Every structure is written in structure tokens, then in C-alpha cells.
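Colleague: I'm new to this one, and I'd like to learn how to read it. Could you walk me through it?

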Amino acid sequence: MSARDETVETGTRAPAGALSAYASGSFGMGVWVTVPGLLLLYFLTDILGVAAALAGLTLFVPKIIDVVVHPLIGSRSDRQARALGHRRRMMAGGIALGVAMVAMFTVPPGLEGAPAAAWVGAWYIVGNLLFAMFQVPYLTTPSDLRIGYHERTRVFMFRMLFLTVGLLGAGVAAPALVASERRGDYTTMAAVLAVVMIVSAVVAIRGVRRLTEACGFRTPAEAAGHSTREDIKVAWADRDFRMLVLSYLFTGTTTHLFMAALPYFTRYVFDSAGLTAVFMGCFLGPAVLAGPIWLKVSRRIGKQRGLLLSQLIFVVGSLAVALGAWLDTVAVSVVVVAAMGFAFAGLQLFAFSMVPDAVAAAEEKGDSQAGAYTGVWTATEALGTAAGPYLYSAALALGGFVSSTADVDVAQPDSALTALLLGFTVLPAALMVVAIVFQRRYRLDPVRG
């Protein structure tokens, strides 16, 4: 039996207490992923009066910077891991993320349009940098642990459970706190959720220490961290990892487009901004319960097929959402969105738990560079986070969507309403099909049948 086959069942079992402490860091990550992804585009176009095209650029440019920064942080993290035997020092940046969150939604009175976009964009850059300092070493932890194939899925199941609870809490609380659509409510919302982000970061740093002490630490290869360019070349030359990354780029683009589009769907299709919180609850509620189910699926058919199944469900769901809009029935859309939420849990669990599998396979060849792999992965995630809202804002702009400020209601032309709906249904379905094409070319999973 090869070393790769042995890792399917063997290895240390991570203690549940340490796992929970580590996974709690995903509460804060969930807030940062959800709130800007769900509300920032709408905040710009319908509260601050920023044109849709400019609003899309305001969200896109900071993420392009992330694409450059994340691999640098990954290489730096590998250097620190070799020198210190851990990656926790860099994670302290996540503690300050709450400050950037509050500042981003506290636009000075009188700023509207382009100046307001500049303010939001600048703080979004600061927040993303702080988030990257926490996220890269945090997500590298499962790759650092000396655990087997299925145990890596278990670690990510804990992480996904806490992340989904964070997504659910933020996804319901944030829209509810700003339902009146006043500028000051956005500041209050950000301040409340910033407390959660700070506390979760502190607990997670301690959890990472406990987890690595219990399971052992896989030190990066000697070549790792010396050159970011060389680290990227090594990671990108790994064919299976490359296919996984490209698939997740389109998966992440799709899911973040969904979140950015949801406030427009509830406001302009069902004429109720308050429904955004309801739909997010229906989307993320099933995802909280889906983790253990997807774990059983993984043990039966493997992560590869589980991920493909999740992607297929999301494609069908994206198209089926149009049925609820056509029937003008909230209940139909709620059921469809709940099914998509179940699939969302699988999309996250399987994709993220396959990254340490790729790192483990690379270690067998003497190329263990967990930080570099994670840096490339999170850079891809950042690009998807930006591309989703940007593509949706482009659809709005092409449809002639009219932006407005918080105290002004405008009638949207039929072309804008059509673009709004197609961008929420057909476009994400098409993007996810591309993700499936790349994912089918992945060949690393030992449980392929």
C-alpha cells in the first residue's frame, strides 16, 4: 500500500475541543465574507448613489490587490512556520479587522457618488489585507496537521459548521439591522458584528496552538518561502491542484454573485428589502445541518464526486429560482434557495478539504509548501469574491439600472429588471457549469471508485 493510500484512514484524530476552538475563527471569517458580499454593492448603488459600473469596480479593485498579496503572505507564512514552528504570529492581524469593518460602512456625511466609492474602496483594501493576514495561516492549519484523508474532511466539517453559523448569523442579522435603509444603521450593524469578529479571532489563535500540539506539525520544505514567484510556480505546476483552483474560481464567483444579487432580487422582484434576511436564513439554515450529511457522502463516494454533486444541485437551483419569480411566489423561491444552501455546504466542505490532500500529495514528492498552496487558493477565492459582484454589477449596468440614494425611490426600466433576474439565474448556472468542467479533470482523490 502506498503512503497516499495509507493516509485515507490512518493518522491522528483531532480532539473535538481543540477543533471547536480552531473552528470558532470562522465566525469572524463568516461575517467578513457575508456582509460585504451581501450588502456592499447594494450599499453603494442604493444608499450612496454610486453608479452600478463604478460600484462594481469599487469592489473589484481591492480583490485584484488581494490576488497579488495572498501568495506573498503564503510564502511569508511558510518562512515563519519553518523559523518558529507555527504560523500564529501573522494571524494577529485578524483582531484589527473589526475596525476596518466599521470604518468601511461609516461614510462621512455629505459623501455620495464617486467620493463615497473612494472611501469605501480604501477601507475595503485595508480590511482585505488584515483578513488575508488571518485567513492564509488559518486555512493552512489543516495542511499542517499530521492527519489522514478522512480526518482532514472532519476538520473542515467543524470549520464549515462554524463558518456557516457565522454566515447565517451575519446573513440574517446584517440585513435586519439595515432594513430601514438609513446610512447610520449601516454603522450600527458593522459595530455590532465587529465585536464577533474580534472575539472569534482571539479564540481561534489559541485553538490553532492546541490543535497543532495535539496532532503534530508538518514543517514546510526547505525550499518553501524563499521566493514567492517560485512558490507560485510549484503550486501552479501541480496539475490536480490547478484543476481544483480553476474549478473553485468559478464556484466562488457563482456563490458570491448569488449573495451580491440577492438584495436586488428581493427588493425589485418581490418588492421587499426585508425578505433579504429571510432568504439568507433559508439559504444558510440548511447549510448548518448539511455538514454531517456531506461527510457521510464523502466516506461513501469520495470528495470528488461529492463536490460534483453539489455543483450540479447549484446549477439546477439557479435556474429554478426563475420559476419562483415567474410565478411571483415567495414560497417556491424559498424552497429552491434552501436546496441551494444545502449544496453550498458541500461546495465549501469538499473544495477546502481537498486542498490539504493536494499538499499531502506534494509532500510525498518533497514539495511540501502548504503556505504557498494556501496563498494561491485564497488569492483565487478573493478573485471569485470580486468577480461575482462585478459580473452582476456589469449585468445591471448593461440593463440600464438606475442608482439612487437612501431617501430617493426610482422606477427601474424593464431592461434593468430583466438583467437583474437573468444575472441572478442564468448567469450563475452558466458559471457553475464551467466549474464542473474543470472539476471533472481532477484526478487526485483516492476514493474515486
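**Reading cavities, helices and burial**

Modeller: Let's start with the second largest cavity: its lining residues divide into eight nonpolar, one polar and one charged. Here Ala, Val, Leu, Ile, Met, Phe, Trp, Tyr, Cys and Pro count as nonpolar, Asp, Glu, Lys and Arg as charged, and the others, Gly among them, as polar. Keep in mind that this is a predicted model, where local features need pLDDT of at least 70, side-chain atom pairs count only at pLDDT 80 or more, and totals for chains, interfaces and linings use all residues. Residues are numbered from 1 along each chain as its sequence is written, and side-chain values use heavy atoms, with hydrogens and water left out.

Colleague: What is a cavity, and what are lining residues?

Modeller: On a 1 Å grid over the protein atoms alone, a cavity is a set of points where a 1.4 Å probe fits but cannot get out, and lining residues have an atom within 4 Å of a point. Grid points are joined across faces, edges and corners, and the volume is the space filled by probe spheres set on the points. The second largest cavity has about 90 Å³, and its lining includes Leu39, Tyr42, Pro175 and Glu181.

Colleague: How many cavities of 30 Å³ or more are there, and what is the volume of the largest cavity?

Modeller: The count is six, and the largest cavity holds about 260 Å³ of space. It is lined by 26 residues, and those closest to its centre are Val33, Phe131, His256, Glu381 and Thr385. By class, that lining has 13 nonpolar, nine polar and four charged residues.

Colleague: Which helix gives the largest share of that lining?

Modeller: Helix 3 does, with five residues. Helices are DSSP runs (H or I, at least four residues), numbered from the N terminus. Helix 4 (52-84), helix 11 (239-269) and helix 14 (370-398) are among those that each supply at least two residues.

Colleague: How do I read two packed helices?

Modeller: They are described by the angle between their axes and the distance between the axes. Axes are lines fitted to C-alpha atoms, for helices over the stretch in contact, and angles run from 0 to 180 degrees between N-to-C directions. Take helix 7 and helix 8: their axes come within 9 Å and cross at roughly 150°. The two helices are therefore roughly antiparallel (over 145 degrees). Tyr138, Leu139 and Pro142 in helix 7 meet Arg152, Val155, Phe156 and Arg159 in helix 8, where contact means heavy atoms within 4.5 Å. Of the residues in that contact, five are nonpolar, none polar and two charged.

Colleague: Is Ser393 buried or exposed?

Modeller: Buried means under 20% relative accessible area, exposed over 50%, and partly exposed in between (1.4 Å probe, protein chains only). Ser393, in helix 14, counts as buried at 2%. Not counting residues up to four places away in sequence, Ser393 touches Leu41, Ala52 and Gly56.

Colleague: And what about Ala52?

Modeller: Ala52 sits in helix 4 and is buried at 5%. Ala52 and Ser403 are 351 residues apart along the chain, yet their C-alpha atoms are separated by 6.7 Å. Sequence neighbours within four places aside, contacts of Ala52 include Thr45, Leu396 and Ser403.

Notes. 1 Å grid on protein atoms, 1.4 Å probe; cavity = no way out; pocket = protein on both sides within 12 Å on 5 of 7 lines; lining within 4 Å. Parallel < 35°, antiparallel > 145°, perpendicular 65-115°, else oblique.
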